Amino acid sequence: MLLSSGALGAFGALSAMSQVQARVADWTWAPSGSVAGTGAGVDPRWVWDAEADPVAAALLDRGDVPEVNRLLWDWNHNDQPLPAGLPADLRDFMERARQLPSWADQGKLNAAAEFNKSRGLYLNLLNGIGGGMLSTAIPKEALSVYYSKGGADMEDRVAKTSILGFAVGALDAYQPKGNCVVNAVKTRLVHAAVRHLLPQSPHWKGAVPISQEDMLVTWHTLPTFAMRKMLEWKVPIKPAESVAYLHVWQVTAHLLGIRDEYIPATWADANAQSDQVLPPNMGPTREGVELTDILLDQLAEQTSLGTKISRPLCNALGRYLAGDQVADWDGIPREPVWDPAIKTAWPTLVKFREGLIPKPLVPEVAWVIDEAARQYILFYLTKGKETKIDIPTINRPS
């Protein structure tokens, strides 16, 4: 249930953010471990986006956003010229922001596309459901989502988030006719707009949202989490595939506005950074529990199993992917039938998919889980074609 009192909501946000800020240790990750190889070493908690933020603020203050959204609706491909009529400050920013970094390697990006194709089920499951469960257990992220415009329509919000995730995994992600550059730049503008809007909400107390650290925390719930889980599941991954998968997310981080001095250069650097920033930034919030419930309900609605079966299955799948601690923070109930079933069936299904065991050895319940995952992925692939990322003009209505 939503709290009807704005004061209670504001107090909850303030309390959650204060607890997180108190838990976070000083920044010690060295910029020598970044793709830049050097940097000032400034704590990313207090760094935002010096290029995008003033542009988005100016657009909002001038009332230009509705017309900008209309003009950008048909800007869909990486090589497509920006539409005529954009404000000059926005056009100048976007022309710079859409350029790939000098260290981008097209060969690795192509290899990453093939890896995403061959491991698509795992990656979409981990980035979609697993990353979603982790994100709602990150207080600052849960609060940013809940009290911004997207929190009022989570189906639309998840669909828009999925657009970028599926764009990264597409075969033509960074090819001329792909759309990863487009969606990353649009997302960067959305983040900048939220930084301007959310501090104006009566529910928001504390620092400006979506700092460089906040973006890094979210980043680690995607590629770093996914790679760790695939290795845990003993998915065979060649060294070149591992490097390529990291690279596509490094390039994406750059396009989202994360400074190169914070983007990990190797998986060892990524793991070290994740271990520093992720655990202290996680914990429970009322808003995170509510968002989790909405997300799992949406997932359950996409299966053909019926709600009485599908929601418990989704609860168990979320718990299996995210782990017991995160699931408890998210308020995901334990499922006495499905929890042990997934723990047993999923590793067996992975072995079958990797050609390590014959099909008769896979328990029947594994195919139920497999089909539920496929229906979830298909739904959001389809949903992503029906909507586009646009810049918000308001916070969550009270």
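Residues are numbered from 1 along each chain as its sequence is written, and side-chain values rest on heavy atoms, with hydrogens and water left out. Because the model is predicted, local features need pLDDT of at least 70 and side-chain atom pairs count only at pLDDT 80 or more, while totals for chains, interfaces and linings use all residues.

The protein chain holds 17 helices and zero strands. Here helices (H or I, at least four residues) and strands (E, at least two) are DSSP runs, numbered from the N terminus. Of its 398 residues, 56% count as buried. Buried means under 20% relative accessible area and exposed means over 50%, with partly exposed in between (1.4 Å probe, protein chains only).

In soluble globular proteins, nonpolar side chains tend to be buried together. The largest nonpolar core here has 121 residues. Such a core is a set of buried Ala, Val, Leu, Ile, Met, Phe, Trp, Tyr and Cys residues joined through side-chain atoms within 4.5 Å. The residues with the most contacts inside this core are M94, Y174, M230, W233, Y245 and W346. Helix α9 (residues 180–197) gives the most to this core, with 11 residues. Once neighbours within four places in sequence are set aside, M94 is in contact with L72, W75, L82, L86, V185 and L189.

Two packed helices are described by the angle between their axes and the distance between the axes. The axes are lines fitted to C-alpha atoms, for helices over the stretch in contact, and angles run from 0 to 180 degrees between N-to-C directions. Angles under 35 degrees count as roughly parallel, over 145 as roughly antiparallel, 65 to 115 as roughly perpendicular and the rest as oblique. As for handedness, a crossing is left-handed if the near helix is turned anticlockwise from the far one by less than a right angle, and right-handed if clockwise.

On the α6 side, the residues are Y122, L123, L126, N127, G130, G131 and L134, and they meet T221, L222, P223, F225, A226, K229 and M230 in α10. By class, this contact has nine nonpolar, four polar and one charged residues. For these classes, Ala, Val, Leu, Ile, Met, Phe, Trp, Tyr, Cys and Pro count as nonpolar, Asp, Glu, Lys and Arg as charged, and the others, Gly among them, as polar.

The other partner of α6 is helix α13 (residues 286–301), with the two axes 8 Å apart at an angle of about 160°. That angle is why α6 counts as roughly antiparallel to α13. This crossing is right-handed. Here I129, G132, M133 and T136 of α6 meet G288, L291, T292, L295, L296 and L299 of α13, a set made up of six nonpolar, four polar and no charged residues.

Helix α9 has a partner as well. The axes of helix α2 (residues 52–62) and α9 come within 8 Å and cross at roughly 65°, so α2 is roughly perpendicular to α9. The crossing of α2 and α9 is right-handed. A52, D53, A56, A57, L60 and D61 of α2 make the contact with R188, L189, A192, A193, R195, H196 and L197 of α9. These residues divide into eight nonpolar, one polar and four charged.

L256, in the loop between α11 (239–255) and α12 (267–277), is buried, with a relative accessible area of 12%. Residues up to four places away in sequence aside, L256 touches D49, L164, A184, T187, R188 and M215. R374 sits in helix α17 (residues 364–386) and, at 42% relative accessibility, counts as partly exposed. R374 and N124 are 250 residues apart in sequence, yet 9.3 Å apart in space, C-alpha to C-alpha.

Most residues other than glycine have a negative phi. I210, in the loop between α9 and α10, has a positive phi near 55° and is buried at 12% relative accessibility. K234, in the loop between α10 and α11, also has a positive phi, of about 65°, but is exposed, with a relative accessible area of 65%.

How values were computed: Contact = heavy atoms within 4.5 Å.
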